[in-house]
Amino acid sequence: MTGGDVVEEWIARLEIRRCAEQYAHAADLGDADLFVAQFAPDGVIEAPNGTHTGAQELRGVIDGLRSRFAATFHAVLNQTSEIAGDTATAQTYCLARHFYRDRAGSASCFEMTIRYHDELTCINGQWRFSRRRLELVATQRFQADASALKH
Amino acid sequence: MTGGDVVEEWIARLEIRRCAEQYAHAADLGDADLFVAQFAPDGVIEAPNGTHTGAQELRGVIDGLRSRFAATFHAVLNQTSEIAGDTATAQTYCLARHFYRDRAGSASCFEMTIRYHDELTCINGQWRFSRRRLELVATQRFQADASALKH
Amino acid sequence: MTGGDVVEEWIARLEIRRCAEQYAHAADLGDADLFVAQFAPDGVIEAPNGTHTGAQELRGVIDGLRSRFAATFHAVLNQTSEIAGDTATAQTYCLARHFYRDRAGSASCFEMTIRYHDELTCINGQWRFSRRRLELVATQRFQADASALKH
C-alpha cells in the first residue's frame, strides 16, 4: 500500500514539472500573463544574457522572444526534483528552438541545449519558481523548411 | 494532505500523457491495433497532408509510415492538459524523426517539430483521442549514420 | 473515485521514470555512485559497443564518458512501462548528445537516437534496472557553438 506522504510528494513533483511545461507553453504562445504566473512575485531568471527579476522584467523576456523570432519551441525533457517542505530544487532539461528568417529569407533555427537549475517555493498551495538559472550546455544553428513558418 | 480529487485529476493527466506515448510507440513499432486503440471510434487525425477519420483511415496512417520510412522515432515532450469532466484538451509537443535512404543510398532523417492540439474523451474509464490536430512548427532534413538503419 | 491500486501503479510508473532520469542526470554529472544506484546489484547495460555488468563495470561507463567527451546531455523522452508485481519492463526514448572538440578545435556533437529496452525489479521498495538494452536507432554529428563548452 502506498502511503499518503508518498502520493503527496509525487503530486508536488508533477506540479513542479507542470510549472516548467507551462513556462514553455507560455513562452511559445507569447502569453506574458501565463509566463509570469509560474514565478513567485520576486522570481528570477538568470540567463547568459542577463538576469531578469520580478513580473515586469519577466514580461520583457516574452517581448524579447516575440520581437526576435518568428516562432519558438521549448521542449521540456527530464526533470529531477527534490522537495523539502515548502521549497524545492530541480534540474530541468530543455531543447529550446528559436525559428527566424535569415537575411536571405531562408528559415533557420537557433537551438539551445539547456539545463535549468531551478528553485521553487510553494505559495498558498501553488508551486512557483523563485529562480531559474539557465546553464547553456551548447548551441547550434540549422536550416529549417521555410514553408512551415508563418512569417 | 492531498485531496482525492487532486489525485484523481493527476491520474487523468498521466493517463492522457500515456495515450500520447502509446501513440508514438505504436507508430514506431508499426502496431496498427495499438495505434487505433488510442482513439475514440470516430477519432480524427488532422494533419497538413490530410484528415484521417475512424479506425480504417487511422490504420492507413501506420501503413503509410511503414511504406515510406525505414524507421520512425516519435519523441513525446511536454504536454499541458486541461480536464473538464469526461473530456479534456491538451497541447502535446513532439519531435518526429523519419529515417530513410536517399537515392544515393545514404541514410537521412526528415524531422518534424510538432505541436499537437489534442481533444480527448473518457469512454468507460479510458481516455481516448477524439481529435489530434497536428500543427507543424517546422521541418528539417539531416544526414544520419547509415549503419544504424536496418534497411 | 480512483482506486488505491490505480494510484499504486502510477506511483510505480513515476518511480521507474525517475530511475531513467536519474541515470541521465548521473551520466551527465559524472556521478558514478548515483549512476550505479539506479541498478540492481547485478544490473546490466547491453550496448552496441559491449555489455557492462555489475557496479564496477557500470562505473567504467561513466569513466568512459568523462574521458571521451567535454559534456553529455541525455534527454529522456517518452517511456511506456508495464508492471507485473515486483518486476517491470519499459521502453524509454532518449536523445543522447555527446559534445567534444574535433582536431581543429571546433565543438561538435555526436547525437545518438536511442530506444532503451528496460527490465526493472523492485528491491526493498526501490525500483532498479536489472537490464538496459540500448537499441541505437540512428546517429548524427553536427557542429555546435564552441563558446558554450567548458573545455
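## A buried histidine in chain C

With a relative accessibility of 5%, C:His74 counts as buried, because the cut-off for that class is under 20%. The model is a predicted one, and C:His74 lies in strand S3 of chain C. The C-alpha atom of C:His74 is 6.2 Å from that of C:Arg97, although 23 residues separate the two along the chain.

Which side chain makes a polar contact with the side chain of C:His74? The partner is C:Asp28, and the distance of this side-chain contact is 2.7 Å. When neighbours within four places in sequence are left aside, C:His74 is in contact with several residues of chain C, including C:Ala24, C:Ala27, C:Asp28, C:Leu65, C:Cys94, C:Leu95, C:Ala96, C:His98 and C:Tyr116.

## The interface of chain A and chain C

The contact between these two chains takes 28 residues from chain A and 27 residues from chain C. Together, chain A and chain C bury about 2300 Å², and carbon and sulfur atoms account for 59% of that area. Three salt bridges are found across the interface of chain A and chain C, and one of them may be set beside the contact described above: C:Asp28, whose side chain makes a polar contact with that of C:His74, also meets the side chain of A:Arg115 in a salt bridge, at 3.9 Å from N to O.

Between chain A and chain C, nine residue pairs are in polar contact, with both residues at pLDDT 80 or more. On the side of chain A that touches chain C, at least two residues each come from helix H1 (4–29), strand S3 (71–84), strand S4 (87–101), strand S5 (107–123) and strand S6 (126–143) of chain A. By class, this side of chain A comprises 13 nonpolar, nine polar and six charged residues.

## The interface of chain C and chain B

Here chain C contributes 28 residues to the contact and chain B contributes 27 residues. The area buried between chain C and chain B is about 2300 Å², with 59% given by carbon and sulfur atoms. Three salt bridges are found across this interface of chain C and chain B, including the one between B:Asp28 and C:Arg115, in which the closest N and O atoms are 4.0 Å apart.

The polar contacts between chain C and chain B number nine residue pairs, both residues being at pLDDT 80 or more. Helix H1 (4–29), strand S3 (71–84), strand S4 (87–101), strand S5 (107–123) and strand S6 (126–143) of chain C are the elements that give two or more residues to the side of chain C that touches chain B. That side of chain C holds 13 nonpolar, nine polar and six charged residues.

## How the copies are related

Chain C can be superposed on chain B by a turn of 120 degrees, with a shift of 0.0 Å along the axis and an RMSD of 0.0 Å. These two copies are therefore related as by a three-fold rotation axis. Which residue of chain C comes closest to the rotation axis? It is C:Leu77, whose C-alpha atom lies at 3.5 Å. Only 11% of the interface residues of chain C are also interface residues in chain B, so these copies meet through different surfaces.

For chain A and chain C, a rotation of 120 degrees with 0.0 Å of shift along its axis likewise gives a superposition with an RMSD of 0.0 Å. Of the residues of chain A, A:Leu77 comes closest to the rotation axis, at 3.5 Å for its C-alpha atom. Of the contact residues of chain A, 11% recur in chain C, and the copies use different surfaces.

Key. Residues numbered from 1 in each chain as written. Chains lettered and ligands numbered in written order. Predicted model: local features only at pLDDT ≥ 70, side-chain atom pairs only at ≥ 80, totals over all residues. Heavy atoms only, no water. Contact = heavy atoms within 4.5 Å. Buried area = accessible area lost by both parts, 1.4 Å probe. Polar contact = N/O pair within 3.5 Å; in protein donor to acceptor, adjacent residues only side chain to side chain. Helix = DSSP H or I, 4+ residues; strand = E, 2+ residues; numbered from the N terminus. Nonpolar A, V, L, I, M, F, W, Y, C, P; charged D, E, K, R; others polar. Least-squares fit on C-alpha atoms with pLDDT ≥ 70 in both. Buried < 20%, exposed > 50% of the residue type's maximum accessible area, 1.4 Å probe, protein only.
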